[in-house]
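Hi everyone, thanks for coming. Let me put the model on the screen, and then we can walk through a few spots together.

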Amino acid sequence: MDNHLAEMTEAAKRILDTVPPSVTVVAAAKGRTPPEIEAVIAGGIRHIGHNYIQEAWESIPGFGSNVQWHMIGHLQRNKVTKAVRLFHMIETVDSIRLAKALNKHCAALDIVMPVLIEINSGREPAKTGVLPEEVHDFLPPLTDLEHIQVQGVMTMGPRFGDPENARPYFQATRQIFETLSISKIPGVRMHYLSMGMSNSYQIAIEEGANIIRIGTAIFGSRSEQGVDTATTPTHTGP
Ligand SMILES: *Cc1c(COP(=O)(O)O)cnc(C)c1O
């Protein structure tokens with residue numbers, strides 16, 4: 001096997017060996033080729049995250065049913081028709097309008113889509129997500145939408161060189177998760193807390209994450225061409 005693919009398979013195995021079995025590892029596959037995605041599946045990965053509908057549309061249909069696909073990028077309403085056909089979970093619901101569009105298209109397919117609410121835990125102007133103080137008003141209207149089911153929350157959080165600095169944002173997100181869990185909003189099942197990336201997933205797990213989204217620690221660093229400027233650090237401190 002191609003050496004760089006073999007390395008990805010090994011990296012996937014290593015990550016899966018180091019995280020508790022209760023934590024779902026989503027391989028963040030933006031800019032990766034289908035053979036690279038195959039390589040991490042060969043390493044045991046069963047959840048793959050995509051940021052872009054176009055990329056997902058081109059690659060997902062070629063895979064079998066042993067993989068679950070997560071939408072982890074910002075979802076535009078005009079892409080919802082495709083998104084509901086491709087994904088098993090939408091992690092980035094951040095507006096009522098998006099939730100309603102998802103609901104409508106899932107109704108047409110007669111499916112119920114698990115969704116997470118994306119929280120902008122760092123209150124970063126350049127990032128999407130619901131602000132922490134707005135979550136409690138955001139959620140109740142979604143419970144009328146019968147074809148989506150809120151199953152948890154997701155956050156990116158500010159990116160730091162020292163992942164210890166991300167801890168307060170993970171703690172704040174966990175707090176929201178806990179509060180929503182005990183507030184017993186009808187129809188909401190708070191199962192998933194999705195946070196932590198390659199440099200921060202251990203800390204995220206310590207703070208209660210049960211979905212982590214890992215890109216570079218599995219696939220290696222991306223070529224200059226594929227670099228997503230949206231994930232470049234924009235924040236210098238809490
Ligand atoms: C790219 C990406 C990740 C993974 O980031 P790495 O630092 O490469 O692990 C996680 N979540 C989202 C939403 C991403 O876009």
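Phe160 is buried, at a relative accessible area of 8%. Just to be clear from the start, what you see is a predicted model. Tyr169 is buried as well, with a relative accessibility of 10%. For both, the cut-off that matters is 20%, because anything under 20% relative accessible area counts as buried. How many aromatic pairs does the model have? The count comes to two. Phe160 and Tyr169 form an aromatic pair with 6.0 Å from centre to centre and 25° between the planes. That pair is stacked, because planes under 30 degrees apart count as stacked.

While we are on rings, have a look at Trp57. Lys82 lies over the face of Trp57, 4.8 Å from the ring centre.

Now let's move to helix H2, which covers residues 34-42. Which residues of H2 are buried? They are Glu36, Ile37, Ala39, Val40 and Ile41. What do the buried residues of H2 pack against? The list has helices H1 (3-18), H3 (53-59) and H9 (216-219), together with strands E1 (24-28), E2 (47-50) and E3 (68-71). After H2 comes Gly44, with a positive phi near 110°.

Let's take one of those partners, H1. The axes of H1 and H2 come within 7 Å of each other and cross at roughly 40°. On the H1 side, the contact is made by His4, Leu5, Met8, Thr9 and Ala12, and on the H2 side by Pro35, Glu36, Ala39, Val40 and Ala42. As for handedness, H1 passes H2 in a right-handed crossing.

Ala39 deserves a moment of its own. This residue sits in helix H2 and is buried, with a relative accessible area of 4%. Leaving aside neighbours within four places in sequence, which residues does Ala39 contact? The answer is Leu5, Met8 and Thr9.

H6 runs over residues 135-142 and H7 over residues 167-182, and their axes come within 11 Å and cross at roughly 45°. H6 and H7 are therefore oblique to each other, and their crossing is right-handed. Where they meet, H6 brings Val135, His136 and Leu139, while H7 brings Ile176, Thr179 and Leu180.

You will find Met195 in the loop between strand E7 (192-194) and helix H8 (201-206). Is Met195 buried or exposed? Met195 is buried, with a relative accessible area of 0%. Not counting residues up to four places away in sequence, Met195 touches a list of residues including Thr155, Phe170, Thr173, Arg174, Ala204 and Ile212. The C-alpha atoms of Met195 and Thr92 are 12 Å apart, although these residues are 103 residues apart along the chain.

Asp162 lies in the loop between strand E6 (148-155) and H7. With a relative accessible area of 42%, Asp162 is partly exposed. From Asp162 to Leu109, 53 residues apart along the chain, the C-alpha separation is 44 Å.

Most residues other than glycine have a negative phi. Asp110, which is not a glycine, has a positive phi of about 55°. Asp110 is in the loop between helix H5 (96-109) and strand E5 (113-119), and is exposed, with a relative accessible area of 63%. Lys184 also has a positive phi, near 50°, in a residue other than glycine. The loop that holds Lys184 is between H7 and E7, and at 68% relative accessibility Lys184 counts as exposed.

That's my tour, and I'm happy to take questions.

Methods:
Residues are numbered from 1 along each chain as its sequence is written. This is a predicted model: local features need pLDDT of at least 70, side-chain atom pairs count only at pLDDT 80 or more; totals for chains, interfaces and linings use all residues. Side-chain values use heavy atoms; hydrogens and water are left out. Rings of Phe, Tyr and Trp (its six-membered ring) pair if their centres lie within 6.5 Å; planes under 30 degrees apart count as stacked, over 60 as edge-to-face and the rest as tilted. Buried means under 20% relative accessible area, exposed over 50%, partly exposed in between (1.4 Å probe, protein chains only). A charge sits over a ring if NZ of Lys or CZ of Arg is within 6 Å of the ring centre and within 35 degrees of the ring normal. Helices (H or I, at least four residues) and strands (E, at least two) are DSSP runs, numbered from the N terminus. Contact means heavy atoms within 4.5 Å. Axes are lines fitted to C-alpha atoms, for helices over the stretch in contact, and angles run from 0 to 180 degrees between N-to-C directions. Angles under 35 degrees count as roughly parallel, over 145 as roughly antiparallel, 65 to 115 as roughly perpendicular and the rest as oblique. A crossing is left-handed if the near helix is turned anticlockwise from the far one by less than a right angle, and right-handed if clockwise.
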